[in-house]
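Student: Could we go through this structure together, one question at a time, with the cut-offs stated as we meet them?

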Amino acid sequence: VQLQASGGGLVQSGGSLRLSCAVSGRTLSRSVLAWFRQASGKEREFVAVISWSAGATYYAESAKGRFAISRDNAKNTVSLQINSLKSEDTAVYYCAADLGGPKVGPFSTNKRLYSYWGQGTQVTVSS
């Protein structure tokens, strides 16, 4: 499985961005796709996850309300819409895939579940 993240950039506080992750190489019917982020000097943290087949989602508490994860089965992409950007959203955003099962929940926050990772896309929010 190959994951290619894109859509990052420099944006002013309060603005919006839409990140995309193109997925290729394998059937995704039982997969879940997630977004993580890693700020400079910090641990990589979970943001949101979506099941490929049913579209069920789960968000980190910090992501509820401003972040929205979605998938396009026809285009094999997963997107992350981020609204009302804040300086603390500045990070490298990674997409990741877990091929082991279609369910999502609190356990989805564990980055060790994900066998495949994209290269990351930088999001920088200026105040």
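Student: How many disulfides does a search of the whole structure find?

Tutor: This is a predicted model, in which local features need pLDDT of at least 70 and side-chain atom pairs count only at pLDDT 80 or more, while totals for chains, interfaces and linings use all residues. Residues are numbered from 1 along each chain as its sequence is written, and side-chain values use heavy atoms, with hydrogens and water left out. With a disulfide taken as a pair of cysteine sulfur atoms within 2.5 Å, the number found in the whole structure is 1.

Student: Which residue does the disulfide join to Cys21, and what is the S to S distance?

Tutor: Strands, like helices, are DSSP runs numbered from the N terminus (E over at least two residues for strands, H or I over at least four for helices). The angle about the S-S bond is 65°, and the link is right-handed. The partner of Cys21 is Cys95, with an S to S distance of 2.1 Å.

Student: Are Cys21 and Cys95 buried or exposed?

Tutor: The classes rest on relative accessible area with a 1.4 Å probe and protein chains only: buried is under 20%, exposed is over 50%, and partly exposed is in between. By that scale, both Cys21 and Cys95 are buried.

Student: In what order do the strands of the open sheet lie?

Tutor: Two strands pair if DSSP finds at least two bridges between them. The edge strands, each pairing on one side only, are strand 1 (2-6) and strand 7 (67-72). From one strand to the next the twist averages 15°, where axes are lines fitted to C-alpha atoms (for helices over the stretch in contact) and angles run from 0 to 180 degrees between N-to-C directions. The 4 strands of this open sheet pair in the antiparallel sense, and their order is 1-3-8-7.

Student: Which residue in strand 8 is the bridge partner of Leu17?

Tutor: Strand 3 (residues 17-24) and strand 8 (residues 77-82) are antiparallel and pair over 6 bridges. Within this pairing of strands, the bridge partner of Leu17 is Ile82.

Student: How many bridges pair strand 4 with strand 9?

Tutor: Strand 4 (residues 32-38) has 6 of its 7 residues buried, and it is joined to strand 5 in the antiparallel sense by 6 bridges. Strand 4 and strand 5 make a hairpin with 6 residues between them, and in its turn Gly41 has a positive phi of about 80°. With strand 9, where the bridge partner of Arg37 is Tyr93, the pairing of strand 4 is again antiparallel, and its number of bridges is 7.

Student: Which residues touch the most other members of the largest nonpolar core?

Tutor: A nonpolar core is a set of buried Ala, Val, Leu, Ile, Met, Phe, Trp, Tyr and Cys residues joined through side-chain atoms within 4.5 Å. Among the elements that give two or more residues to this core are strand 4, strand 8 and strand 9. Leu80, setting aside its neighbours within four places in sequence, is in contact (heavy atoms within 4.5 Å) with residues including Trp35, Val47, Phe67 and Tyr93. Of the 38 residues in the core, those that touch the most other members are Trp35, Leu80 and Tyr93.

Student: Why does Ser79 count as buried?

Tutor: Ser79 is found in strand 8, and, beyond its neighbours within four places in sequence, its contacts include Arg18, Trp35 and Ile69. Ser79 counts as buried because its relative accessibility is 9%.

Student: Which residues are linked in a network of salt bridges?

Tutor: A salt bridge here is a side-chain nitrogen of Lys or Arg within 4 Å of a carboxyl oxygen of Asp or Glu, and the structure holds 4 of them. One of these joins Arg37 and Glu45 at 2.6 Å, N to O, while another joins Arg66 and Asp89 at 2.8 Å. Arg66 and Asp89 are both buried, whereas Glu45 is partly exposed at 36%. The residues linked in the network are Arg37, Glu45, Arg66 and Asp89.
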